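Good morning, and thank you for joining this group meeting.

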Amino acid sequence: TETVEALLADVETRGDAAVRELAIKFDGLDRKSYRLSKAEIQTCLDRMSVRERDDMEFAQTQVRNFAIAQKNALLDIEVETLPGVILGHRNIPISNVGCYVPGGQYPLLASAHMSVLTAKVAGCDRVITAAPPFKGEPAPLIVAAQHLAGADEIYCLGGVQAIAAMAYGTESIQPV
């Protein structure tokens, strides 16, 4: 707990400098910017086989369809309990969401589908994602999953530094 708290405080205090140091230390990745460019995202998409792309689109369609059904089940309510007394609730999506997609030895594509797609279906205005590198570079299938699900910003960052950067924000990452 103390170690994680210290890492969180470091990112909150020193921003991008702390993120870079921690990314080098824990992920072995040193970049000027940890946000992936459109060209880097396209490279990941281009590396997919037709079968991988078809499978990913199939999975995302299933997740999206269920998320839509879930959203449709969340109804706004307004009721007049006494004359002139109106009570109720509205379901309003939050505007900014940060989604962490675990990686490591086994990139977890389903985490991208489940988190990014559901946030987009819910109506969140800005959905950013972070996933650790895989073998020293952005994990191609995770990046593809994040992009195809609708992520607005994709970062190649892992662990505590990714969560802290999304939560607190840095000079280059707006907080969620």
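Let me begin with a question: is E40 buried, partly exposed or exposed? With a relative accessible area of 25%, E40 is partly exposed, because we call a residue buried under 20% relative accessible area, exposed over 50%, and partly exposed in between, with a 1.4 Å probe and protein chains only.

Before going further, a word on the source: this is a predicted model, in which local features need pLDDT of at least 70 and side-chain atom pairs count only at pLDDT 80 or more, while totals for chains, interfaces and linings use all residues. Residues are numbered from 1 along each chain as its sequence is written, and side-chain values use heavy atoms, with hydrogens and water left out.

First, the salt bridges. Side chains of opposite charge can pair when their charged atoms come close. Our criterion is a side-chain nitrogen of Lys or Arg within 4 Å of a carboxyl oxygen of Asp or Glu. The structure contains nine such salt bridges. In one of them, E40 pairs with R31, and their closest N and O atoms are 2.8 Å apart. R31 is buried, at a relative accessible area of 15%.

D30 forms a salt bridge with R20, with 3.3 Å between the closest N and O atoms. This pair links distant parts of the chain: R20 sits in helix α2 (16-27) and D30 in the loop between α2 and α3 (38-46), ten residues apart. Helices here are DSSP runs of H or I with at least four residues, strands are runs of E with at least two, and both are numbered from the N terminus. D30 is exposed at 53% relative accessible area, whereas R20 is partly exposed at 25%.

R51 is exposed at 60% relative accessibility, and D55 is partly exposed at 39%. Finally, D10, R14 and E21 are linked in a network of salt bridges.

Next, the surface. Which residues form the nonpolar patch? They are I77, V79, L82, V85 and L87, with about 420 Å² of accessible area together. Such patches take residues with over 30% relative accessible area and no salt bridge, joining like charges within 9 Å and nonpolar side chains (Val, Leu, Ile, Met, Phe, Trp, Tyr) within 5 Å. The areas come from the Shrake-Rupley method with a 1.4 Å probe, and for residues only the protein chains shown count as cover. Strands β1 (77-82) and β2 (85-89) each supply at least two residues of the patch, and the largest share, three residues, comes from β1. L82, in strand β1, is exposed at 56% relative accessibility.

A backbone detail deserves mention. K135 has a positive phi of about 55° although it is not a glycine. K135 lies in the loop between β5 (133-134) and β6 (137-138) and is exposed, at a relative accessible area of 75%.
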